[in-house]
Amino acid sequence: MKKRSSLLLVELMIALFVFCVACGVSLQSFAKSSSLSKDADDLNHAVTIVESTAEQLKATQKDSISYYYDSDWNTCNEDEAYFVLVLQETKSASSLKQCNISIFSNKEEKTIYSLEYEYTTGGTSYE
Amino acid sequence: MKRTQNHVIDLLFPLIILALFTMCAFSVISLSASIYNKQTSNAEETYLQETPLAYIIEKVRQNDNEGDISIITKEDTQVLTLHNKDYTTYIYAYENTLKEFTIKDNVSFTLSEGHDIIEVDSFSMKEEDNLFTFTVNDKSASVLVRSAS
């Protein structure tokens, strides 16, 4: 009886060990997939916001640009900002302006998306 | 011969281990199910926001000629009109569906006649100095028309 009982115990322990290893690998994959999904979502929002900002710059509506966003990509105050839109003018000729528009993540301290953009003031030609 | 003595723990311990194993298995399955659920709902949300915005902006760029793009109100609904030669394309949200209708100028139609594009919870648009801003399901995108002067 004792022999059978200890055999069952060893069998269970081995099964539990194998399960724990598989569990560890699976959880790692789950965490990675979750993080990739969040990154893709953030990139999607960042691209839309940067492209819209570029259009707003071209329309010379700098006042209507929102610079601060919370973790759900809603506009917010500077103090609550999770993502920040950064506008840097890199070159400026008479009417041709060159600037860099990027979205920076405050929490992860990394740039999510960046766009070099050239536009003309006083006109809105794409040429 | 020495007599082996049975203890309750001999039976209890394997049972506890088995229960632990079952609990862990259920936790991992429920965790994976919730992660999968979250990711599919995220993907669907992105699809429902991005697709109509990309579609409308592309349509605006296709029809970007001076005076050809405007926002009108019909049946108390905002309607984007894209004029192209003798025809006009109308894009609008009607009963939670983004619809499109292309019809010859001066021919009357009702909003219900449009062809369905995609489901939308909310849709609004505004135009300011030739900068068109479209908001679909709380996500906005702007496009400046080329024909702006």
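Two strands count as paired here if DSSP finds at least two bridges between them. With that in hand, take a look at chain B of this predicted model, where strand β6 (residues 123-128) and β7(B) pair in the antiparallel sense over six bridges. In that pairing, B:M125 sits opposite B:F134 of β7(B). The hairpin of β6(B) and β7(B) has two residues between the strands, and B:D129 takes a positive phi near 50° there.

On to the next hairpin. β7(B) also runs antiparallel to strand β8 (residues 139-144) of chain B, again with six bridges joining the two. Here B:F132 is the residue that stands opposite B:V143 in β8(B). Two residues lie between the strands in this hairpin of β7(B) and β8(B), with B:N137 taking a positive phi near 45°.

## How enclosed is β7?

Six of the six residues of strand β7 (residues 131-136) of chain B are buried, so the strand is largely enclosed by the rest of the structure. In a regular strand, side chains alternate between the two faces of the sheet. For β7(B), that puts B:L131, B:T133 and B:T135 on one side and B:F132, B:F134 and B:V136 on the other, and all of them are buried.

In soluble globular proteins, nonpolar side chains tend to be buried together. The largest nonpolar core in this model has 20 residues, and the ones touching the most other members are B:I56, B:V60, B:L80, B:F123 and B:F134. The elements that give two or more residues to it are α1 (8-62), β2 (77-84), β3 (87-94), β6, β7 and β8 of chain B. Helix α1(B) supplies the largest share, at four residues.

What is B:L80 in contact with, leaving aside its neighbours within four places in sequence? The partners are B:I56, B:V60, B:I69, B:S70, B:I71, B:T89, B:Y90, B:I91, B:M125, B:F132 and B:F134. Apart from this core lies another one, of 17 residues, with A:I65, A:Y82, A:F83 and A:L85 among them.

## Salt bridges

Side chains of opposite charge can pair when their charged atoms come close. Over all chains, a search of the whole structure turns up seven salt bridges. One of them is between A:E55 and B:R61, with the closest N and O atoms 3.4 Å apart. This pair crosses between chains, going from helix α1 (residues 2-58) of chain A to helix α1 of chain B. A:E55 counts as buried, at 6% relative accessibility, whereas B:R61 is partly exposed, at 41%.

Then there's B:K59 with B:E100, where the closest N and O atoms are also 3.4 Å apart. B:K59 lies in helix α1 of chain B and B:E100 in strand β4 (residues 97-104) of chain B, so this bridge ties together parts that are 41 residues apart in sequence. Both B:K59 and B:E100 are buried.

In chain A, A:K97 forms a salt bridge with A:E89, the closest N and O atoms being 3.9 Å apart. A:K97 is partly exposed, with a relative accessible area of 23%, and A:E89 counts as partly exposed at 44%.

Methods
Residues are numbered from 1 along each chain as its sequence is written. Chains are lettered from A and ligands numbered from 1 in the order in which they are written. This is a predicted model: local features need pLDDT of at least 70, side-chain atom pairs count only at pLDDT 80 or more; totals for chains, interfaces and linings use all residues. Side-chain values use heavy atoms; hydrogens and water are left out. Buried means under 20% relative accessible area, exposed over 50%, partly exposed in between (1.4 Å probe, protein chains only). A nonpolar core is a set of buried Ala, Val, Leu, Ile, Met, Phe, Trp, Tyr and Cys residues joined through side-chain atoms within 4.5 Å. Contact means heavy atoms within 4.5 Å. A salt bridge is a side-chain nitrogen of Lys or Arg within 4 Å of a carboxyl oxygen of Asp or Glu.
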